[in-house]
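Here is a short report on one protein chain. Please look over the sequence and the fold before reading on.

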Amino acid sequence: MTNLRIGHGYDVHRLVEGRRLILGGVDIPWEKGLLGHSDADVLVHAIMDALTGAARLGDIGKLFPDTDPAYAGISSVKLLREVGRLLGERGFEVVNIDATLLAQAPKVGPYWPQMAANVAEALGIDPEQVNIKATTEEGLGFTGDGSGMAAHAVVLLEKAGA
């Protein structure tokens with residue numbers, strides 16, 4: 001049995017007026033925010049799904065169901081801390097995280113270092129193990145027309161003693 005595991009995560013949320021835009025745990029000033037049961041941090045959700053997938057923990061819908069009022073409006077970074085705790089209990093360590101935000105606007109490049117630091121802090125890892133980037137979709141699809149945002153994440157975990 002190998003001691004390395006790869007996970008992929010994907011998430012999507014609709015953009016609406018009247019909500020804060022939280023990405024990578026950073027409150028980004030913008031005219032719209034992401035709709036969801038929690039803070040709808042699409043980037044952190046994709047990272048959590050990649051981590052839980054690699055560790056065979058299911059997905060965030062299983063761990064933190066949107067039918068549970070305890071998770072209404074909760075910080076996704078707080079949920080990421082819980083995922084990190086679950087990984088540690090099972091002997092997994094994060095080797096690296098690579099995440100991509102798909103959004104036409106706003107420009108988020110200036111926020112990448114803080115996003116990486118937030119993810120790293122929640123998981124107890126070095127920010128050098130976290131890469132965050134963004135791309136537009138050249139005006140195509142729901143992300144391109146500005147009606148939503150999506151994110152992909154790929155992670156590599158190592159299991160101690162495997």
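This is a predicted model: local features need pLDDT of at least 70, side-chain atom pairs count only at pLDDT 80 or more; totals for chains, interfaces and linings use all residues.

The strands form an open sheet of 5, in the order E4-E1-E7-E5-E6. The pairing is mixed. Strand E4 (33-34) and strand E6 are the edge strands. Each has a single partner strand, so one side of each has no neighbour in the sheet.

E5 and strand E7 (residues 148-159) are antiparallel and share 10 bridges. Within that pair, glutamate 93 has glutamate 158 of E7 as its bridge partner. Strand E5 (residues 92-102) and strand E6 (residues 130-135) run parallel, joined by 6 bridges. Here leucine 101 is bridged to alanine 134 in E6. The chain gets from E5 to E6 by way of helix H4 (residues 112-123), in a right-handed β-α-β crossover.

## Helix H1

H1 has 13 residues. From first C-alpha to last, H1 reaches 18 Å, close to the 18 Å expected at 1.5 Å a residue. The helix is mostly covered, with 12 of its 13 residues buried. Among the buried residues are Val42, Leu43, Ile47, Met48 and Leu51.

Alanine 40 sits in the loop between E4 and H1. Its phi is positive, about 65°, although the residue is not a glycine. Is alanine 40 buried or exposed? Its relative accessibility is 0%, so alanine 40 counts as buried.

Arginine 56 follows H1. This residue lies in the loop between H1 and helix H2 (60-63). Arginine 56 is not a glycine either, yet its phi is positive at about 60°. Its relative accessibility is 72%, so arginine 56 counts as exposed.

## Helix H4

H4, the crossover helix, has 12 residues. Its first and last C-alpha atoms are 17 Å apart, close to the 16 Å expected at 1.5 Å a residue. The buried residues in H4 are Met115, Ala116, Asn118, Val119, Ala120, Ala122 and Leu123. What covers them? The cover includes strand E2 (21-23), strand E3 (26-28), helix H1 (42-54), helix H3 (76-89), E5 and E6. Glycine 124 follows H4, and its phi is positive, near 70°.

Leaving out residues up to four places away in sequence, asparagine 118 touches Gly24, Gly25, Val26 and Val77. Asparagine 118 and valine 26 are 92 residues apart in sequence, but their C-alpha atoms are 8.1 Å apart in space.

Isoleucine 28 belongs to strand E3. With a relative accessible area of 2%, isoleucine 28 is buried. Which residues does isoleucine 28 touch, not counting those up to four places away in sequence? The contacts are Leu21, Leu23, Pro106, Val108, Tyr111 and Met115. Met115 is also one of the buried residues of H4. Serine 147 lies 119 residues from isoleucine 28 along the chain, and their C-alpha atoms are separated by 17 Å.

The peptide bond between alanine 105 and proline 106 is cis, with omega about 0°. Proline 106 is in the loop between E5 and H4.

## The aromatic pair

The model has 1 aromatic pair. The ring centres of phenylalanine 64 and tyrosine 71 are 5.4 Å apart, and the planes meet at 80°, so the pair is edge-to-face. Phenylalanine 64 and tyrosine 71 are both buried.

Conventions: Residues are numbered from 1 along each chain as its sequence is written. Side-chain values use heavy atoms; hydrogens and water are left out. Two strands pair if DSSP finds at least two bridges between them. Helices (H or I, at least four residues) and strands (E, at least two) are DSSP runs, numbered from the N terminus. A crossover is right-handed if, with the strands pointing away from the viewer, the path from the first strand over the helix to the second runs clockwise. The expected span of a helix is 1.5 Å times one less than its number of residues. Buried means under 20% relative accessible area, exposed over 50%, partly exposed in between (1.4 Å probe, protein chains only). Contact means heavy atoms within 4.5 Å. Rings of Phe, Tyr and Trp (its six-membered ring) pair if their centres lie within 6.5 Å; planes under 30 degrees apart count as stacked, over 60 as edge-to-face and the rest as tilted.
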